[in-house]
Amino acid sequence: MAEYGHVLLWAGNLERRIPPRRTLAGLTASSVVHLTLPLCRYRTSLAAAATFPDLAAETSRCSAARARRPRRRLEVEGEGCAPLEIKVEAARRQRRRSPSRRRPSTRTQSEAWRRMWPRAAAWGAGVGEGSGGEEVLHPQAKEKEEKKLKAKQKEAARLQAQGTSEGTKKSEKKQKKKTVEDENPEDFIDPDTPQGRKKLLAPQMAKQYSPNVVEKSWYAWWESSGYFGADSRSTKKPFVIVLPPPNVTGALHIGHALTVAIEDAMIRWRRMSGYNALWVPGVDHAGIATQAFTMDEQRSKAVTEAFVRLHKEGLIYRDYRLVNWDCTLRTAISDIEVDHIELKEEKMLPVPGYTAPVQFGVLISFAYPLEEGLGEIVVATTRIETMLGDTAIAVHPEDTRYKHLHGRYAVHPFNGRKLKIICDAELVDPAFGTGAVKITPAHDPDDFEVGKRHKLEFINIFTDDGKINSNGGAQFEGMPRFMARAAVIDALKEKGLYKDTKKNEMSLGVCSRTNDIVEPMIKPQWFVNCDTMAKASLDAVRSKKIEIIPHQYEQDWYRYILFFLMYLRFVSSLSMVDYNFCPCRWLENIRDWCVSRQLWWGHRVPAWYVTLEDDQVKDLGSDNGRWIVARNESDAYLEAQKKYPGKTLHLDQDPDVLDTWFSSGLFPLTVLGWPDDTADLHAFYPTSVLETGLDILFFWVARMVMMGMQLGGNVPFQKVYLHPMIRDAHGRKMSKSLGNVVDPLDVINGMTLDGLLKQLEEGNIDPKELKIAKEGKEKDFPDGIAECGTDALRFALISYTSQSDRINLDIKRVVGYRQWCNKLWNAIRFAMGKLGDNYTPPATVDVSLMPPICKWILSVLNRAIGKTVTSLEAYKLSDASSAIYSWWQYQLCDVFIEAIKPYFFNNSEEFESARSASRDTLWVCLDRGLCLLHPFMPYVTEELWQRLPQPKDSCRKDSIMISEYPSLFEGWTNERLENEMDIVLDAVNKLRSLKPPTETNERRPAFALCRDQETATTIQCYEYLIVSLSSVSHLKILKESDETPADCATAVVNKDLSIYLQLQGALNAEAELEKLRKKRDEIQKLQHALTQKMKAFGYREKAPKNVQEEDTRKLTALLEQLEIISEAEKKIEVTAGSNCV
């Protein structure tokens, strides 16, 4: 089952996983399940989509951070649509230095290095070197060194007493400066890794995070190691996702990135949580362009089997019905291939095949003469050319204006056809227009139903390419339909029957492929009766066999399925023109799902037409009773012989192909081997989750549920997770014409503005729209798109999923997460420096012996783990990513790492215990923290995790992706400590906010006014931490009876704690009063809301006692804070007044 499992997830810039020299058009059964998301640009020739290993990694763009890396030259061979081959030749750059200054290139030459760089040698050894290798110091030099040593010792003692990290920072700066001089650049460059081997890492971590470098080679190793595999024989609980197949003819867009980022995060989390995780990729659902979905032998077999079974069960039949017809493609098209243009008034639109624009958005009135000289009857239409196919005029039976005409006839002015005046209360609204409606049964959905009810003649007036046929009359025969429109109006005017033209709101259906106006046409087609299957789909959600996530979309499911029942039995052309649509009429006028298409590529309908030797009419399909549905021609011939014994017969297979939604509806079944009784089908069906967008809920999800339940005997998936739709930063739908479409590869690799504009020029954009699109790009990306990498893009998109039904994507946010990756990188660099080369992590850690800061970070890590796992289980991926980000950013990096730095300032025995505990705690945090983050950022977490030291005699896995996902550790939770640290960190933030914005480095005295002993004890316990994190010179704890020094800015932490920062002449009384005013407003809003809650009707009777007590406590605290603010305002006013005097 491993062959199903490997899917490249947005490392498209790193490893192109399409098999070498294989094109999508030639996929085999094996390659369908092996195929990873085809990340080569879809806008290029499909046949040229060969493998592109390390394409972006070998790009010629080099940033400053990569300036010392080996340059690589690309040589692209191939022509036209031939598969491309890429030869990568690494050419190391020769350093342009003089021989005497050239640095050694290997670590084994360290002694030569030290000799060549005396300054570095002196720093490293602390002495000069004599010719004999003995220590030789000039007396003055020795005295100078002793003075330096004493100064350093004095400085260290002062810093330890102060408990600050200022000295640490200065020392680190000095050490960094000298370390740079002693560095070997080669130590920071990753060696070349053979394809499929575990990535070879440089001895030293690079100074800066580079996504291009970090994301290279890991995927090939994961794949070759079999980490993506799922085994049908496994006893683990399965977790299965099928990937919605991308459109093979479309351009890669950011929606694809969102889909696979979410799905891969789910799969990685479940795999790490002990599940038998399987992710099945798809290939294509392109309808008009190729109908190429799953065209290999196994999938074709499944499609044929499904058609035969449904036909035998009476659910598939052939009939003459209205379909959406594209006159350019000359085929029926599916609903998803129809776009809708809403017209509010008259508009001239370009139509393929016509040199001049065509008029739409008008209602044309004309008269039919009545027989026997009874006058005329006026009707109106938006498609005047269809009057050539009219066969009746309908009126309401209760409309007194026309009662005398019931059963009478009008006469067609161009062919003399008699049009019966019929009564139809279902169709006609007597209050709309003239109350008389022309009926064209062969070219209008409403009229089609009227024609069936009244047994009218169905006259098709169009050829397949949209010209008037002989039924339209010799006067108009051969005219294109919209040229005939003008000709009919002119002819009516000549006869005095034309009345007027008025603007009319309408919805115009346009083929998304050709931009041609979709025409309702009556055609013999194959249909699926969806009544029982759709109702079963409704019941599946009601009974919770299928769970819709987020839950608010469950009602959409019911609406969509009802819509499906109505829509599939009506026709998609209903929404093309204004038919006074209302849902009630859909329920009354419904049709079935048309599954046949008149295309040359796709799954051919497994039906054969029987022609007998003595037939008078031998036209294919002229008799619907002659069709034989079978699995192959041999079976069809045997069936025909049984049906027509003794007859000489001939079979012709239906040339039509099946709608791509018919084959794609089978996807969860066919990828697991159906219709064969496979081990995979037993192990992995039904699948666990279908992740997709709300927009495809009706078109694809509903069909999969119906087909899965009907043919597979069970729902195809247990949950449906619907992600938001992506829009640009301004909330606009992404469109080529607006220039706001974002290619995820441009975000991953970066792209200049010139490159973005060139993409537009090479795209299929109307020249009139190109200017607007360019202006849009220049406005949104004036500096181009920065290189963000795969991990940052994934994390940004997942974090956006909290935005309900749409995502307003701002690339700046992705850039922000790329910078955050750099922070993770630096955290590990810090850790590696502090852990040391000889550090071995313990098998377990004893929390009880740790300093408070270590206990706290493990407690909040535990809380982050619980929040993350709970959120993932609830499919709240944004909440999970937020919990992880907050812990890494605000607790580990901003607090813990800063807090433990003083322990590592020197090797003093005084701090040995704290230093040892900090090392162990830091390792645990990084190990668990990286595992926690891995499903969201797989590449940077793998690389950083691999650099962490391993516990001795441990069973540590080879890769983070198969390691155990973090779970709650009961002994780590310490709520009391967390509450104390909340107060401490709140005080730190308040102190930081009090600093004048113009000051960055100056340290000022701070004071903490504690109003109870518990708060005073807490502040005293964490005094060193507050001083260090808030960068103040010192902190003095005050009692309520103590007087606060003058010139202090004030902030209220809570009712028991206020903090002050002495500004010594820099106090801006007006600014401080403004801060207090804002705080007062904030507290008053909280007080008002809480007061209203407590005064609400029934609160005293219904609210639990503990809730009422807590609310009372909160209200009292808020009131006390307001009093404290008032006192602070008075003090500032007094101070300001005295300064003025």
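1. Y875 counts as buried, at 6% relative accessibility; buried means under 20% relative accessible area, exposed over 50% and partly exposed in between, with a 1.4 Å probe and protein chains only. Y875 also has a positive phi of about 60°, although it is not a glycine. Its place is in the loop between α26 (852-873) and α27 (877-900). Helices (H or I, at least four residues) and strands (E, at least two) are DSSP runs numbered from the N terminus.

2. On the basis of the values: this is a predicted model, in which local features need pLDDT of at least 70 and side-chain atom pairs count only at pLDDT 80 or more, while totals for chains, interfaces and linings use all residues. Residues are numbered from 1 along each chain as its sequence is written, and side-chain values use heavy atoms, with hydrogens and water left out.

3. N515 is another non-glycine residue to check, with a positive phi of about 65°. N515 sits in the loop between β17 (506-511) and β18 (519-528).

4. Two cis peptide bonds deserve a look in the model. The bond from I549 to P550 is cis, with omega near -5°, and P550 is found in the loop between β19 (547-549) and α14 (554-569). The bond joining Y685 and P686 is cis with omega about 0°; P686 lies in the loop between α19 (679-684) and β26 (687-693).

5. E371 is a charged residue in the loop between β10 (362-369) and β11 (376-381). Is E371 buried or exposed? E371 is buried, with a relative accessible area of 15%. Leaving aside neighbours within four places in sequence, E371 is in contact (heavy atoms within 4.5 Å) with R408, Y409, A410, V411 and K418.

6. Helix α24 (residues 789-799) is mostly covered, with 11 of its 11 residues buried. Among them are the charged residues D791 and R794, as well as L793, F795, L797 and I798. G789 lies in this helix and is buried at a relative accessible area of 0%. The C-alpha atoms of G789 and V213 are separated by 9.7 Å, although the two residues are 576 apart along the chain. Apart from neighbours within four places in sequence, G789 is in contact with P211, E215, V747 and I748.

7. Helices α22 (residues 753-762) and α23 (residues 767-780) have axes that come within 10 Å and cross at roughly 160°. Axes are lines fitted to C-alpha atoms, for helices over the stretch in contact, and angles run from 0 to 180 degrees between N-to-C directions. The two helices are therefore roughly antiparallel to each other, the class for angles over 145 degrees. The α22 side of the contact consists of L753, L756, L757, L760 and E761, and the α23 side of L770, A773, K774, K777 and E778. By class, this contact has 6 nonpolar, no polar and 4 charged residues.

8. The largest nonpolar core has 133 residues, of which L809, I853 and W888 touch the most other members. Such a core is a set of buried Ala, Val, Leu, Ile, Met, Phe, Trp, Tyr and Cys residues joined through side-chain atoms within 4.5 Å. Not counting residues up to four places away in sequence, W888 touches W820, L824, C893, L926, G929, L930 and L933. A second, separate core of 63 residues includes L538, L666, V671 and L690.

Definitions and conventions. Angles under 35 degrees count as roughly parallel, over 145 as roughly antiparallel, 65 to 115 as roughly perpendicular and the rest as oblique.
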